[in-house]
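Have the structure open as you read.

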Amino acid sequence: MSLVSFTKARKDDFDSMKQAIREALGLIEHSFGEEKNVIIKPNLCYYWDYSTGQTTDPRFVAALIDLIREQMPRKIDVCIVESDASAMKCRYAFKMLGYEKLAEDLDVELINLSEDENDVVEVAAGNQTFQLMVPQTIRNAGLRINVPKIKYMSREGVRITCALKNVFGCNPYPKKFRYHSRLAEAIVATNKVMKFDLCLTDGMIVSGIQPCRLGLVMASKDPVAIDVAAAKIAAENPMKIQYIQLAHKEGLGNTSFIERGKPLNYFRDRYPRKDVKTQLLGKAYAVVARAGLSHRLGLE
Amino acid sequence: MTSRIMEVYKLKKVGLGVIGLGYVGKIHLKHGMKLGNTNLVAVSDLSKRALAAARNAGVKRTFTNYEHLLKDADVDAVIIALPTHLHLKCATDAAEAKKHIFLEKPIARNIVEAEEIVSVTQRNAVKLMVGYPLRFNSAFRSLKENMRNRTLGDIEIAHGDYVSSGPFLHRAESHTPVPVPEWWFNKQLTGGGALVDLGVHIVNLFRWYFGEITSIKSCLGYRFNMDLEDHAICLARFESGTKAVITVGWFSQDYRLEVQLLGTVRNITASHAPPSGLLNVARARVEMLTKGMSRFHQAHLAELQYFANCIIKDLAPSPSGEDGLKDLEAISLAYRNSVELKM
């Protein structure tokens, strides 16, 4: 069974984040080895900064880089990767969300995967087949670290997103909305061709129904297990989340796990989860989307 | 000239052309098709998708090059809803084609271009109105009425807040982000950030309330590390003696457009907010589909109706090109007089 650790940062600062990350990694018995280079994939979904709970806090990534350099025997190359999306351009997101400054301060490289060399790979997930581009930076990395956020998503089969969905963001093809009609399969397919070694969730501020400071750091080597944990924290049933079930079926990880550190329930009790009204609105959205009216009603 | 006025008087409906079908251009398109005193003749945009949508909405003449639209004899006036750096060229071409102009704010990216726009419209004897929908918003008009009636006493202090996500549009209800056109990130093309984008609205409104600005200072903020400011606070003083605090920002997922007048007799607040929550958004969209407008954009409808009336009745529109120029002069002064707050 996979290990998932839960720790809480005491404060909202670099040192507290670093300490919580150190504890979380210790609890899953992870230690950094002899890798030549490391890539880190934060979640930069748009030009919303960390205070909204939608994107990874650059201080969290900085704390992780500091820890890696402290624990690795020699200086290694660190890259922060992201790709352009339907509504976001990396070159602006890196600047606006504080990653350009981080890269300067810590001497790390920022890579836009949409501009990277890539190989095209055919991959099947569920009953769908995809031709996906795999960036060379990801393929050649010694250690791949996924630093996602926990977020709700009002889409059939994808009610909550965390580690697996963040890897979907490595797909260099910018118009990712084209996958939305088969998003669960696309998420799983991307994870099959781009496997990450470590997931470290930035739950310092979670978006939930509104942003809330949770101070959570969650670590695991299993992306499916960490997504199951994320779903439970957000009071969603992981059995009903299509992409998690499909990822498990496709052998990407386990749906059961051993909890380490603070109890999961501690964070679930504090998560800004959906109330009845929001759940009803979510269902109304789903009906509108199924009827193909989202665009006409300006909801998309 | 007399024959021209006679010619204009004969107009029952103003033939309109919309140049630029971005966010606000689409609103004008819908309103232009709905109003009784306008006849939406043609549209122009580089996006074939936007033109196809306009054709589906009933517009017969669509162009990818606005110069073709300007040659259309049925077009009496154009609405220019293009990025700011294209205002001068397009307004000059339109004026020389003898088309009246409704120009979206800010009038231009700098004072030199704004002066040129005002001058070219005067030389060609065409009307120029700058789009400031707050002047046609019932809540903000009622403040003016209160001031006229002196029910508030002397207004000692005014607050104007306009904080939103700016060009980083998104729909919080669906978490679906909207792409941001590249020009928004380029100071050379926009002429500035949140201060010029949103500040001109409040400056124009307050000039209408209190007269000309006698002094103005700003403090600019750069939360998003861009070359242009994403928020600003201005302190201004007006001819009437009123002091104003103007707060603008692009940093918030929430929307706040509020004016507060603190008078010697009464204090009063007026605000304008978009529909929020799924049901209200859906209701607004249904209104848009069925009636061609939503309550949120009522002021845009009123300003277009007024502009068309100005053409039919040969009146000078207000806010005029000169107003747009004065607003930009005030904003430019605020940029020049920006101060840094020390930590």
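Start with chain A, where eight strands make up an open sheet with mixed pairing, ordered β4-β3-β2-β7-β10-β11-β1-β12. Keep in mind that what you're looking at is a predicted model. At the edges of this chain A sheet sit β4 (109–112) and β12 (257–261); each has just a single partner strand, so one side of each is left without a neighbour in the sheet. Ignoring direction, neighbouring strands here are turned against each other by 25 degrees on average.

Now zoom in on one pair within that sheet. Strand β2 of chain A (residues 37–42) runs parallel to β3 of chain A (residues 77–82), and four bridges join the two. Lying across β3 and β4 of chain A you'll find helix α4 (residues 99–106), which runs at about 140 degrees to β4(A).

Over to chain B. Its open sheet has six strands, paired in parallel and ordered β3-β2-β1-β4-β5-β6. Here β3 (61–63) and β6 (128–131) of chain B take the edge positions, and because each has a single partner strand, one side of each is left without a neighbour in the sheet. From one strand to the next, the twist averages 25 degrees.

For a detail in this sheet, look at β1 (residues 14–19) and β2 (residues 38–44) of chain B, which pair in the parallel sense over six bridges.

Conventions: Residues are numbered from 1 along each chain as its sequence is written. Chains are lettered from A and ligands numbered from 1 in the order in which they are written. This is a predicted model: local features need pLDDT of at least 70, side-chain atom pairs count only at pLDDT 80 or more; totals for chains, interfaces and linings use all residues. Two strands pair if DSSP finds at least two bridges between them. Axes are lines fitted to C-alpha atoms, for helices over the stretch in contact, and angles run from 0 to 180 degrees between N-to-C directions. Two residues are in contact if their C-beta atoms, placed from the backbone, lie within 7 Å.
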